[in-house]
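This report concerns the strand pairing and the confidence of one model. Please have the sequence and the coordinates at hand.

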Amino acid sequence: VQPGSSRFVFSCGTRSLWWHRALRRVMERLGLPMLALLLGASAPQVCWAHGKLTKPTPRDGISVGRAGLDENNPVSFEPGCTQENTCDAFVCREDAPNPNVPITKVVAGQSLDLGWSFAALHVGDCAVYISYDVDKPRSQQKYVKIANLPDCKSYSTWSIMIPTVLPAGRAILRWDWVALHIWPQPEMFVQCVDIDIQSTSSTLPSDLDSFSITNPPIYPDDGNDGVGYRNAFGGTSQDMTGPSCIDGTINDCWLTAPGTARNTDGRRTSDGSGSVIAPAPQPQPESQPTPQPPYPAPQPAPQPVPAPVPAPSGSCVSNGPEYYTAACAALETTCEQHSFCRRAGGSAPAAAPPAGFCVSNDPNTDYSAACKALEATCEQFSFCKRAPSLTQSSAQQSAPQVVRRLRWTHRSTHHMLLQQKNMMQQGIPAEEEGSD
């Protein structure tokens, strides 16, 4: 309800609008057409519009999206369509080509530009199919899938490759959009384009591994039917739902390839359709049997299977998740300094002596003697550094000089303290002595 108003506003793509349409259908079934009409009028018509294919021009002849009109609505808005994935309208919105719409020419092995217009950017995925059953009723038409268009709300044009295996002839290009904004209930949209395929392929339409869109339905009823649909707002895997393509190497067809989480090939029927799937597997040369010797060949003595080698005692191992293992192994010499590592049980292995020697790193004070005593943990002290052997040799030679200097400083300090004590006993302030 808008603030300060009693008028209800239905937001496009909300569950409220879905229940609104469902209630309208119930009114129609109960024989209350006037109440259903009033209920339909209570929601803004702009919300009864979501999106449609615009390029190539579909059978409705509308090459631009127009909110609230024609085939922008889900197929459930077609008369008698209560379960979208089984309706003839979900095969194609029109049951026959439109003589007023020119046929689109396409070439197998070349690209085709697609475009669509969405009045509401619902989460969901699009896909493209081809059928040669132009003259059959929609419920009898068989299709092959040629492209996946994942998350198609994020773009409005795309170029797909027409599979080279497709034969020449008149055909139907079918584009669908399964919107998932009211999960688990999908909203389904579709348009068909009449095309003429130019191709050098020797494959016949009857050779193709085609299938029905709705009989049985190739798409699940809802998010909880079979492999279902992804909940784009979280809580489920985000795999795309749908059958595999005739050529799994193009047009993002890997997203619904056999073996993927939401592949729906298991919903297809086998009723005499062909089995061509491109790219066709290459025949492998038959293996020739290996000639057997006239006498048994000697068998090699069985070799004992080496037992797994445990981590050496004292090695640096992870103290938490396994992904620290490699890091701890690289920190062998300083294992105890890292909380995510620990030393394995037992005595630590003898580590190779560090390269270089520990020498003073302070420009003003010579800490060579102290750094020498801290040889094993030199890198832990900022006033020390590791130096090559030559530097350490000179540092070792200067160590006695440092010791003598420290002793001289100690004696000088001791003498000064005694002198200050005598002066204080004689009544002479230390400040005056220092000022002379």
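The model is predicted, and local features need pLDDT of at least 70, side-chain atom pairs count only at pLDDT 80 or more, and totals for chains, interfaces and linings use all residues. Residues are numbered from 1 along each chain as its sequence is written, and side-chain values use heavy atoms, with hydrogens and water left out.

Strands (E, at least two residues) and helices (H or I, at least four) are DSSP runs numbered from the N terminus; two strands pair if DSSP finds at least two bridges between them.

An open, antiparallel sheet of three strands has the order S1-S3-S6. Strands S1 (51–55) and S6 (157–161) are at its edges with a single partner strand each, so one side of each is left without a neighbour in the sheet. Within this sheet, Ser 111 stands opposite Met 161 in S6.

A second open sheet, with mixed pairing, contains five strands in the order S2-S8-S7-S4-S5. Its edge strands, S2 (104–107) and S5, each pair on one side only. Ala 127 lies opposite Asp 176 in S7.

| Antiparallel pair | Bridges |
|---|---|
| S3 (residues 111–118) and S6 | five bridges |
| S4 (residues 124–131) and S7 (residues 169–182) | eight bridges |

The mean pLDDT (the predictor's confidence in each residue, from 0 to 100) of the protein chain is 75, and 62% of the residues score at least 70. Where pLDDT is low, the predicted coordinates should not be read in detail.
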